[in-house]
Structure formats: structure tokens, C-alpha cells
Amino acid sequence: MANPREIALDASWLVPLGEEFDQPYMRQLRQFLVAEKSAGKTIFPRGDQFFAALNQTPLSAVKVVVLGQDPYHGDGQAHGLSFSVLPGVRVPPSLQNIYRELASDTGFTAPEHGFLKPWADQGVLLLNSVLSVERGLAASHQGQGWERFTDAVIRTVNEHCEGVVFMLWGSYAQKKGAMVDQRKHCVLKAPHPSPLSAHRGFLGCGHFSKANAYLKQQGKTPIDWQLPFEVKAGGV
């Protein structure tokens, strides 16, 4: 894992999170990742994309947090933003359900891609709890330290920002987001958009219109959830 100072981690995050990188758990995580690579294992996303969510959305710009669990573990999918895949990759089932809910909630028209960077550019922090995974092995990097780091990210948003919408989908995300101060922020909860659970209440939750209504109440520009229909191959 690259040192954040070497990958130009946005300064707005580096100030409150910088000490995390000097903690023993982060050194152990670095050693684990180096050992995995030395053993010939393929890790997703690329090392320079581990912190893509933080690089793409500065702390001062965060309006919405969408909390995922692990990166996708298939070839060409993960690029450091939760639920997002690179252009040219089939839209995963959970994201298809997110698109379904967006369509019924906001009139969204689904593109043929699953590249969510335009949301990140508007202040949607697409944060996974675990920021790496071994190819083909779901949850393979859980319990190695990433969860503690992303807890610190959530704590930073909770403490340094005002009026952020937290979308917590599924029991895992809801447990992780339990620290969020609901007097300062808007917390929206629903089942996970996975095909196994979306029908239990994710579909019909109205989170995207609710988020924008709250942002307007806060005097903030709402999110344009509509994605462009065409994106560059490989992303930008």
C-alpha cells in the first residue's frame, strides 16, 4: 500500500486522518498487502486506487455518504468507489437495483454503464468499509485493519461536517454508521440493494429524493443523480 503522502491524498483528509497512517494497525495492514502481492496474489483495486473515494471527494465537499462493504472482486470491476464499476464492465446486480430505485424515486434513466464518478464529483463519498480484496475471493481482506481506518473516515465526516446525508444500506452499514450524530446529520436506513434483500425495503425507500430534500433544507445544492449515458473507456 502506498503512503497517502505519495499518492497525493487530498489535504482536507490528510490533516484529520494523517495520524492513522502511523498507527501500528496500518503498518500491519501494509505488511499484509505486501505479503499478499509477494505471494503472487492479485489485489483489487490497484494500489493507487485504494483511497480513490477520498481523492475524488474532498472532506469539505462531502454532502452524501454511501457506505459499501468490500470492493468487487472480479476482473476490471473495482476502482475505489463503492458500488461503482469501470466503463465497459457489466452493471452488477446491486447497482442494477440502485438504478431501479432511482428510476422510481427520481425519474432516473439508467445508462448502460456503472461508472459513478459523476456522483463523487458532486460530493457523494462512495466509501467501502474495506478498501481491498483478493481477486475472486469476496471478503478476503476483512479484519486486516481497513475497517478501523474507514471508521476514522466516518468519524471525521461526522465531526468536521454539518448536514451530511448518510445512506446506510443493510445491517453491516447500519452498525458501522451507528456513531453518526443524527442531530447534525441525516441518517437514512434501508435493506441492502443486493438481489437477496432489495425487495425487503430497499426498493421503494426513496432515499435519493429524501437526500436532495434534506440538502435543500440545509441550503446546499442537491445531487444530480442522473448519470451521463456515455463515458470514456476505462474511466478518467
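The lining of the largest cavity holds five nonpolar, two polar and no charged residues. In this classification, Ala, Val, Leu, Ile, Met, Phe, Trp, Tyr, Cys and Pro are nonpolar, Asp, Glu, Lys and Arg are charged, and the others, Gly among them, are polar. The model is predicted: local features need pLDDT of at least 70, side-chain atom pairs count only at pLDDT 80 or more, and totals for chains, interfaces and linings use all residues. Residues are numbered from 1 along each chain as its sequence is written, and side-chain values use heavy atoms, with hydrogens and water left out.

The residues lining the largest cavity are P45, F50, P71, G80, N128, V130 and L131. Its volume is about 30 Å³. One cavity of 30 Å³ or more is counted. A cavity is a set of points, on a 1 Å grid over the protein atoms alone, where a 1.4 Å probe fits but cannot get out; a pocket is an open set with protein on both sides within 12 Å along at least five of seven lines; lining residues have an atom within 4 Å of a point. Grid points are joined across faces, edges and corners, and a volume is the space filled by probe spheres set on the points.

Helix 7 supplies the largest share, three residues. Helices (H or I, at least four residues) and strands (E, at least two) are DSSP runs, numbered from the N terminus. By class, the pocket lining has 14 nonpolar, 14 polar and two charged residues.

D70 carries the UniProt feature "active site", from an unreviewed entry. Such annotations may be inferred rather than shown by experiment; feature names are shortened and positions follow the numbering used here. D70 sits in the loop between strand 2 (64–68) and helix 4 (93–106). Leaving aside residues up to four places away in sequence, D70 touches N128, V130, A139 and Q142. Contact means heavy atoms within 4.5 Å. The side chains of D70 and Q142 are joined by a polar contact of 2.7 Å.

Q49 lies in the loop between strand 1 (43–44) and helix 3 (52–56). Q49 counts as buried because its relative accessibility is 13%. Buried means under 20% relative accessible area, exposed over 50%, and partly exposed in between (1.4 Å probe, protein chains only). A polar contact is a pair of N or O atoms within 3.5 Å; within protein, one must be able to donate a hydrogen and the other to accept it, and residues adjacent in sequence count only if both atoms are side-chain atoms.
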